[in-house]
Amino acid sequence: MKYKAVAASALLLLPLTACGGTATAGGDGSTITVTVGYQSKTINTVTAGTLLRSLGYFEKDLDALHDGHTYKVDWQDYATGAPITAQMTAGKIDIGSMGDFPLLINAARGRQLGRPTHLVSVTGYNLRGGLNTIVTAPDSKIRSLADLKGKKVSTSIGSAADGTLVRALQRADIDPDKDIEKLNQQPAVGASALSAGSVDALSQFVAWPGLLAYQGKAKALYDGAQLNLPTFHGVTARADFTEKRPAVLEAFLTAQAEATDYLDAHPVSATEEVAEATGLPAEVVYLYNGAHGISTFDPAIKPRLVSALKDDVSILRSAKLTGDIDVDSFVDDQYAKKALGAAYAKRLATLPAPVASEVWPKDAEQTRTFKSPAALLSYVAQHKNAIRAAYVPDATTGTLWFADKAVWAADGDQLLPFVAPATAKAYVAEHSGARVITYADALRRAS
């Protein structure tokens with residue numbers, strides 16, 4: 001999903017060789033290899049990647065085609081979206097998943113190199129932008145975006161996380177090109193740089209901010225949901241592949257919908273499977289993919305997400321990563337509509353689950369939901385040694401966060417959590433008598 005701009009450009013201009021979805025002689029018919037590019041640790045794409053692969057639904061639905069072919073799925077795992085796009089434009093990957101900004105670059109490069117691609121479904125999304133977060137080191141003195149002036153900030157140019165950084169700085173009247181020193185780094189490199197103290201802040205996407213906060217290696221500075229702009233990940237497919245093998249793509253989209261239903265019905269089990277496959281802590285996976293997680297999963301391409309994609313073009317164009325992009329011609333939901341039938345219209349109308357406070361008790365196969373953050377704190381205070389993880393929604397944006405990593409405020413009898421200090425400070429400034437308190441104090445007040 002993220003990459004260094006120069007290196008990415010070189011990768012994306014690989015010669016056009018080979019072709020995915022190839023058929024070779026075998027048995028009574030032929031063996032068709034379908035190549036799927038995914039990002040295992042980008043857990044906002046699990047219904048089209050990590051979880052889908054683990055469940056085996058795509059292979060099952062391909063077997064159900066009964067068209068005389070034998071199908072083999074070649075799952076290729078990448079750290080970012082850039083190499084997936086490079087391989088797609090080289091004809092070597094048939095179906096790929098990536099974030100909204102990389103999807104636009106995928107569309108632009110596909111057209112540029114004569115290998116057009118189409119957005120065929122959505123994986124995970126957040127309507128306010130909460131999937132991207134700016135974090136600092138735990139002991140950092142930086143308290144607001146204004147404090148980033150003159151500082152080094154790591155991000156991945158061309159990613160949604162970079163888009164969040166640019167927009168957030170612009171809203172704070174900070175020039176993202178002149179007022180900070182931006183380092184274009186892959187997420188893992190940026191995380192290491194933050195820990196080493198060679199950068200002052202890191203702007204990244206799911207699951208890096210939550211992972212670093214959970215590990216005690218970072219604290220949130222800016223919640224991307226403050227932008228109130230949708231962000232999402234989706235599935236892209238090569239046009240020549242979908243035209244040649246539409247039934248295969250429909251099988252993929254059917255399987256993706258089945259994986260989505262599994263995740264919704266069994267959020268803890270799905271979390272454990274993704275954690276095992278990726279090596280990520282299950283508690284971090286659940287923060288994003290849980291029943292009330294930051295991400296909502298649905299394959300339908302909602303008009304609001306398409307509108308957001310159009311708004312994103314200007315960010316990439318100003319960074320000289322793309323020119324104009326015809327988003328309407330890039331979006332193609334005909335295959336998803338055929339695969340899902342009447343259910344597609346229902347999914348279009350589906351809204352994210354209401355925010356809620358949630359506790360994951362140790363050794364439990366289900367989580368517990370609470371009516372308020374204060375009720376959650378009361379439970380945690382009484383079961384301190386029996387809690388695997390506790391999650392609370394930001395009082396302003398609704399973004400879920402770890403209860404012990406949140407910034408807490410007391411307003412009369414209310415105990416209110418916030419992802420970042422700035423949102424807590426803004427609330428306190430607008431509510432007489434409210435004040436920021438420590439997590440320990442919040443627990444004492446609730447017990």
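These legends describe close-up views of cavities and pockets in a predicted model.

**View 1. The largest cavity.** The structure holds three cavities of 30 Å³ or more, and this view shows the largest cavity, with a volume of about 70 Å³. Its lining is made up of 13 residues, and N132, T164, R167, P230 and T231 are the closest to the centre. The largest share comes from α6, with four residues. By class, the lining of the largest cavity has five nonpolar, five polar and three charged residues.

**View 2. The second largest cavity.** The volume of the second largest cavity is about 40 Å³. The residues that line it are F101, G158, S159, D162, G163, I315, L316, A319 and L321. At least two residues of this lining come from α6 and at least two from α13 (303-318). Five of the residues lining the second largest cavity are nonpolar, three are polar and one is charged.

**View 3. The largest pocket.** The largest pocket has a volume of about 520 Å³. Its lining holds 32 residues, and those nearest the centre are G293, S295, T296, P352 and A353. Three elements, namely β5 (117-126), α10 (246-265) and β12 (296-297), each supply at least two residues of the lining. The lining of the largest pocket divides by class into 15 nonpolar, twelve polar and five charged residues.

**View 4. The second largest pocket.** A volume of about 260 Å³ is found for the second largest pocket. Around it lie the lining residues I157, D162, V166, Q170, P176, D177, I180, K182, I315, S318 and A319. The elements giving two or more residues to this lining are α6 and α13. Of the elements, α6 gives the most, with three residues. The lining of the second largest pocket has six nonpolar, two polar and three charged residues.

Terms used. Residues numbered from 1 in each chain as written. Predicted model: local features only at pLDDT ≥ 70, side-chain atom pairs only at ≥ 80, totals over all residues. Heavy atoms only, no water. 1 Å grid on protein atoms, 1.4 Å probe; cavity = no way out; pocket = protein on both sides within 12 Å on 5 of 7 lines; lining within 4 Å. Points joined across faces, edges and corners; volume = space filled by probe spheres on them. Nonpolar A, V, L, I, M, F, W, Y, C, P; charged D, E, K, R; others polar.
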